[in-house]
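Thanks for making time. I'll keep this short, and I'll go through one model with you.

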Amino acid sequence: IIKVKETLVFDKYTTVTINQNTKFVMNENVSIYFYGKVIAVGTKNDPIKFIAKDPKKPWGLVAVQGQATTGSKFEYVEFENGSTDTRNLIHYTAPFNIHDTDWFEVRHCKIGRNFVGDDAMHVAYAKGIIDGCEFYDARSDALDIDISDVMVTNNIFYKAGNDGLDIMTTTMTAKNNVFIDAGDKGISVGEWSEANITDSLFLRTGIGLEVKDKSNVKANNLVIIDSIDRAINLYNKNKRYDEGGSLNAEAIYLLGNTKVKADKRSGQKIKYRIENTLPNMQQYQWYETLQDTAYKKIVDQVEVKYAQ
């Protein structure tokens with residue numbers, strides 16, 4: 001147990017290794033800044049944790065910042081009850097931030113409830129992979145990625161206040177992800193992004209997938225169920241761009257709300273649009289990801305609803 005009573009800063013010449021079963025108990029508003037490489041590897045039974053000393057008094061954040069952090073790894077690490085902070089004129093919008101690094105790995109982490117900020121996890125000017133993680137109860141966006149090149153695979157996004165996954169000016173491959181009860185979009189692709197999105201579930205989101213502002217999405221095997229507003233939306237939001245969004249998809253399953261809307265500056269082509277026919281859920285890798293989680297019951301109930 002490490003009691004963090006004031007903000008810690010590790011310089012770019014310092015490599016930090018955090019062992020399994022380490023718990024950082026954070027005082028109100030204090031943060032940890034890493035400017036060098038971080039190797040934080042827990043296990044499923046003995047994760048590393050960043051938690052508030054008092055859950056009613058949020059701590060600040062963890063920031064991994066700069067080229068010297070290249071090669072950083074976070075595995076089986078949990079973040080809960082963090083917020084935001086500012087250092088060296090950079091305002092960090094999430095409890096967990098990775099900025100300006102050539103390669104990072106975030107695997108099997110839990111990014112939980114946050115206070116105040118726009119995001120639960122924020123990635124910017126970076127390249128890396130986010131795999132097998134669980135994002136839950138984000139105040140606004142669960143995962144926000146800006147001006148980066150990232151693989152997002154095998155993750156669960158539950159009850160984001162706004163978007164489950166929001167990207168801007170980013171190249172992304174997203175596969176085998178699950179989005180449940182997002183207040184706004186499951187995935188929002190904007191401001192000249194390129195994304196390949198496959199084999200994913202969108203359940204009870206405001207909008208399943210949104211593509212806008214000169215962004216292009218290739219998609220296949222998306223299952224979009226019971227969207228609140230519409231299943232897919234394409235439009236020109238930011239007038240700095242003279243185009244809306246473009247979607248080129250193979251197979252998309254639409255159940256419940258089957259509405260797909262594109263404005264005059266956008267375009268969509270769906271080769272196989274299957275409406276109100278439930279696919280075999282067990283064929284998808286994300287179905288296996290849901291095993292032994294609390295979310296499996298939610299999906300099972302929907303499966304029963306549409307199997308009848």
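A salt bridge here is a side-chain nitrogen of Lys or Arg within 4 Å of a carboxyl oxygen of Asp or Glu. Keep that cut-off in mind. One caution as well: this is a predicted model.

With that cut-off, how many salt bridges does the structure hold? The count is 12. Side chains of opposite charge can pair when their charged atoms come close. Let me take three of these pairs.

Start with D181. Its partner is R204, and the closest N and O atoms of the two are 2.8 Å apart. Where do the partners sit? D181 is in the loop between β22 (178-180) and β23 (185-190), while R204 is in the loop between β24 (194-203) and β25 (207-212), so the bridge ties together parts that are 23 residues apart in sequence. Buried or exposed? D181 has 18%, so it is buried. R204, at 30%, is partly exposed.

The closest N and O atoms are 2.9 Å apart. K185 has a relative accessibility of 8%, so it counts as buried. D184 has 23%, so it counts as partly exposed.

An α-helix has 3.6 residues a turn, so residues three or four places apart point the same way. D300 is partly exposed, at 24%. K296 is buried, at 16%. Elsewhere, salt bridges that share partners join D163, D184, K185, E210 and K212 into one network.

Now helix α2 itself. It covers residues 295-307, which makes 13 residues. From first C-alpha to last, α2 reaches 19 Å, close to the 18 Å expected at 1.5 Å a residue. Which residues of α2 are buried? They are Y295, K296, I298, V299, V302, E303 and Y306. Down the axis of α2, these buried residues fall within an arc of 160°, so they line one face of the helix.

On to the pockets. The largest pocket has a volume of about 570 Å³. What lines the largest pocket? There are 19 lining residues, and K44, K110, G132, E134 and T293 lie nearest its centre. By class, the lining has 7 nonpolar, 6 polar and 6 charged residues.

The second largest pocket holds about 190 Å³ of space. Its lining has 15 residues, with D166, S188, E191, K212 and K237 nearest the centre. K212 is also one of the residues in the salt-bridge network. Strands β20 (165-168) and β23 each supply at least two residues of this lining.

Next, backbone angles. Most residues other than glycine have a negative phi, and most peptide bonds are trans. Which way does N29 go, positive or negative? Positive: phi of N29 is near 70°. N29 is in the loop between β4 (23-26) and β5 (32-34). N276 also has a positive phi, near 55°. That residue, N276, is found in the loop between β30 (267-275) and α1 (285-289). At 44% relative accessible area, N276 is partly exposed.

W59 lies in the loop between β7 (48-52) and β8 (62-65). Its relative accessible area is 0%, so W59 is buried. Y272 is partly exposed, at 45%. From Y272 to G244 is 28 residues in sequence and 22 Å in space, C-alpha to C-alpha.

That's the tour. Questions, please.

Notes: Residues are numbered from 1 along each chain as its sequence is written. This is a predicted model: local features need pLDDT of at least 70, side-chain atom pairs count only at pLDDT 80 or more; totals for chains, interfaces and linings use all residues. Side-chain values use heavy atoms; hydrogens and water are left out. Helices (H or I, at least four residues) and strands (E, at least two) are DSSP runs, numbered from the N terminus. The expected span of a helix is 1.5 Å times one less than its number of residues. Buried means under 20% relative accessible area, exposed over 50%, partly exposed in between (1.4 Å probe, protein chains only). The arc is that of the directions from the helix axis to the C-beta atoms. On a 1 Å grid over the protein atoms alone, a cavity is a set of points where a 1.4 Å probe fits but cannot get out, and a pocket is an open set with protein on both sides within 12 Å along at least five of seven lines; lining residues have an atom within 4 Å of a point. Grid points are joined across faces, edges and corners, and a volume is the space filled by probe spheres set on the points. Ala, Val, Leu, Ile, Met, Phe, Trp, Tyr, Cys and Pro count as nonpolar, Asp, Glu, Lys and Arg as charged, and the others, Gly among them, as polar.
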